[in-house]
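Colleague: Could you walk me through this one while I have it open? I'd like to begin with how the chains meet.

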Amino acid sequence: MKDYRACTGCGICVLPCPVWQQTRDLSLTLAGRALALQGGATAGELRESLEACVTCGACEPVCPEEIDTVGMTLELRKAAPLFLPELHAKNGQKGSFLPGDSLRKHRLCDVVLERLTVSPVDGSDIAAAIEAGRPIAPDRLTQFLESLTGTELIADDGILHRPLRSWGFTVIGLGEALLRRRPALHATDLYVIETRGYHADFPRLVRFYDELRQRVGCEMNLDLQRAAIATGAASLQHRTGRGQVEAAEQARWILEGRDVKRVVVECVDDIEPFAQITDVPVVHLAEVTS
Amino acid sequence: MVTCAVGPDSLQGIPRQQTNPGRWNGEGWGSFVSDLKRQGVDVREGRADRSLYRTDGGGVAQGMAHGVVIARSAQQIATILRAAQTHGVPVKTRGGGLTTEGESVAFGGLLVAMNGLSRVRAIDKDSLTVRTEAGIYWHSLAETLRRQGLDYLSAPLNLTSSVGGTLGVGGVDVNSAKYGCSADQAVALQVVTPTGETQECSETENPELFERVLLGHGQFGVITEATMKVRPYTPCSMHYFYYSSLRTAIEDLQLVSNEGAADYCGILTMLDRAVNLLVAFDSEERERQFLSRWRRRLRGYGEFGFAARMAVHYALRPWRVREALYLRDRKNALMPEFEPPHHIRKGKIVDRTVVFSRAVWKFWGGQQMVIPDLSTSAEKFVEAVERGNAVCREYFPHYTLYCVGIKLNGWRERYELSCIPRDAEGMAWGCEFEPMLKGATYSRDHLQSFKNAIYDIGLDMNTSYYRFGGMMKGYIRRAFGDELVDKHLALKRKADPAMILNADVIF
């Protein structure tokens, strides 16, 4: 894939960007970073922009130049890393399911484990380090990779999908895994896709979710480009109270003009922002899966 | 004095400087910024903030603003323009920045990023109008309208063109033969004049300002809000007809457009060998009417019939095998992009602007783009396109022509110094000549020489142009004549005494 030098400034990547949606400030977007770099700016000068990005990845599949937009942002973050909370991974487990940091601490984690009948592995420290642009100790990485078993991994945190694939694993998101069990979805639902995993495997998943949408008839958090609109609630910044993107505002935009009876989310982080702004039930996909 | 950097530093430690003594070069900048900051305007002067606006969609003109302001309100823009008049600092407004001749590039002074003003104010489903802030991208407007089952009438095939910028230059779509240019969709505008007064205007309220600002290239005010006509959203069904003759395809384009046989109609070519006439329909009824009444009058072929003809053509001309392979590869790459399954429902395309715009950028976009054009009356169109095509062949191995009709609702004052040619009646006709520059390197001189050769055709045939501002402004007096240009210059001087708003675009 290409890097920032290939950016033509078309600006299509800003259209699904949550940071753009809320700030209308080009300098805080992927396009702004690419154009500033072309103009001679350094990663240090882009610190504010790098801190704003929620790495939802929506910019990547819509880029006509096929720039590795997420990779570019994560690489730049290495020069201006995000605040990283101290995370202690539970070592010694072996399995094929990686619950994200939020799900791991959530009551629904047991429900998910019951539905999927899988063994969990803790990779939340790896995911956070990747997202923050912090180095991962080689020993810890080796230990982590050795703990992964099975032919197909299920990773709840979409930030892990790309690296896991680059390390040679087959990986799907929690949403896809639960959808295989045919959950009870209705045409009156708003179905909220986990954005990072979706955009990381866009050519395949755009068809997968399009088929679901046609079959069920439900609304989804997709824009006209078929990028998934993120609340930003799953981002490291949001989880550490440093986010610039108001997740509830994003949820409001996703719901605007849509008449739905229930919100079904793939990512537990998305429950709260929707619950804040709507009276209809907000449930996790695992709760409607038997 | 703050000297004016004109682009990214070419050599480390040696900033490129503005050396044209005729241009503003930093006088009064410090006091201007102090004045603005005192009034609460956030002026960004860092390199990262300024350099991301250093060029436009064309990528040829390079310039650096001294500072950037993100537009937040009409009041803020009024404050800026009043201060600019006082301090004599140029102000450049920029929407999507998709100009190609540097019209939205600031060569020093202040750049106002208008897309900070992007809220949709109100949608009136009864009167089928939308009131929106003018910095919004057309695609963002479409996203909001679609949730209400609505769509805009017509806009450029660029998702990130801004409403305000488009209204200022015209705006052409493949349905412009039905609806006219985008500027003609405007019902009312909120405008901040160059002297900082905020005014509402329409055909009945301040009509002179309304007519000056529409198609006015940002010379007579900054459009901060617009009320525009909208329509119920419909998916559309597409048909493609293929021609090997430009003339025949253009005659059929004119037939379809003049007789209102389709809701969308345009020509897109691969060189001048594979000429594609696109027609599309908003309803099955319209499609049926076309197929029964007009289809047999068109001389284009279907895909397979045309492929067979081309195979025979090139079999008899083996020395042109490279051209044949180019056309085959180009077609194979392009067609799937125009029919992505997730944007198709029951054979109809559900997001045509997304599909087209993405394809346009993917296959025609690049670090540099030059898109000279000719805008003519019906009688001159075929000759203008054929002559322009000959120029393309001379300058580039690969290029595309894009032709559409633009409906006119009588002659309007706004057309006076615009892309609408004086002698057009009922319909104007436009053709863009776009060389494929991706992967190739051409000098600026070569590109400029190509544009001049196209525009010289316009002078010879007395046509107009869509892109006559910025680097092409040398053609304005020759194309429109001293009398008309002097009239507009006098109007400009009256409206903008310090000549600070969008300098270098027209005047």
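Colleague: How many residues of chain B are in contact with chain A?

Modeller: Bearing in mind that this is a predicted model, 37 residues of chain B are in contact with 29 residues of chain A.

Colleague: Which elements give two or more residues to that side of chain B?

Modeller: On the side of chain B that touches chain A, the elements giving two or more residues are helix H2 (47-51), helix H4 (138-147) and helix H12 (352-364) of chain B. The largest share comes from H4(B), which gives six residues.

Colleague: And what is that side of chain B made of, by class?

Modeller: The side of chain B that touches chain A has 16 polar residues and 11 nonpolar ones, together with 10 that are charged.

Colleague: Staying in chain B, how far does helix H3 reach from its first C-alpha to its last?

Modeller: Helix H3 of chain B, residues 74-87, has 14 residues and reaches 20 Å between those two atoms, which is close to the 20 Å expected at 1.5 Å a residue.

Colleague: Which residues of H3(B) are buried?

Modeller: The buried residues of H3(B) are Ala74(B), Gln76(B), Ile77(B), Ile80(B), Leu81(B), Ala83(B) and Ala84(B).

Colleague: What comes just after H3(B)?

Modeller: Just after H3(B) comes Gly88(B), whose phi is positive, at about 70 degrees.

Colleague: Switching to chain A, what does the domain assignment give?

Modeller: For chain A the assignment gives domain 1 (4-77), domain 2 (97-177) and domain 3 (181-288). The C-alpha centres of domain 1 and domain 2 of chain A lie 26 Å apart, and four residues of domain 1 of chain A are in contact with six residues of domain 2 of chain A. On the domain 1 side of that contact in chain A, two residues are nonpolar, one is polar and one is charged.

Colleague: How many helices and strands are there in chain A?

Modeller: Chain A has 16 helices and seven strands, and its C-alpha trace spans about 55 × 50 × 30 Å along the principal axes.

Colleague: How does the radius of gyration of chain A fit a compact globule?

Modeller: The radius of gyration of chain A is 18 Å, which agrees with a compact globule, because a globule of 290 residues would have a value near 19 Å.

Colleague: What share of chain A counts as buried, and how many of its contacts join residues at least 24 apart?

Modeller: Of the 290 residues of chain A, 53% count as buried; among contacts in chain A between residues at least 6 apart in sequence, 69% join residues at least 24 apart.

Terms used. Residues are numbered from 1 along each chain as its sequence is written. Chains are lettered from A and ligands numbered from 1 in the order in which they are written. This is a predicted model: local features need pLDDT of at least 70, side-chain atom pairs count only at pLDDT 80 or more; totals for chains, interfaces and linings use all residues. Two residues are in contact if their C-beta atoms, placed from the backbone, lie within 7 Å. Helices (H or I, at least four residues) and strands (E, at least two) are DSSP runs, numbered from the N terminus. Ala, Val, Leu, Ile, Met, Phe, Trp, Tyr, Cys and Pro count as nonpolar, Asp, Glu, Lys and Arg as charged, and the others, Gly among them, as polar. Domain bounds come from an automatic or database domain assignment. The expected span of a helix is 1.5 Å times one less than its number of residues. A residue is buried if 20 or more other C-beta atoms lie within 10 Å of its own, exposed if 12 or fewer, and partly exposed in between; C-beta atoms are placed from the backbone. The radius of gyration is taken over C-alpha atoms; the globule rule is 2.2 Å times the number of residues to the power 0.38.
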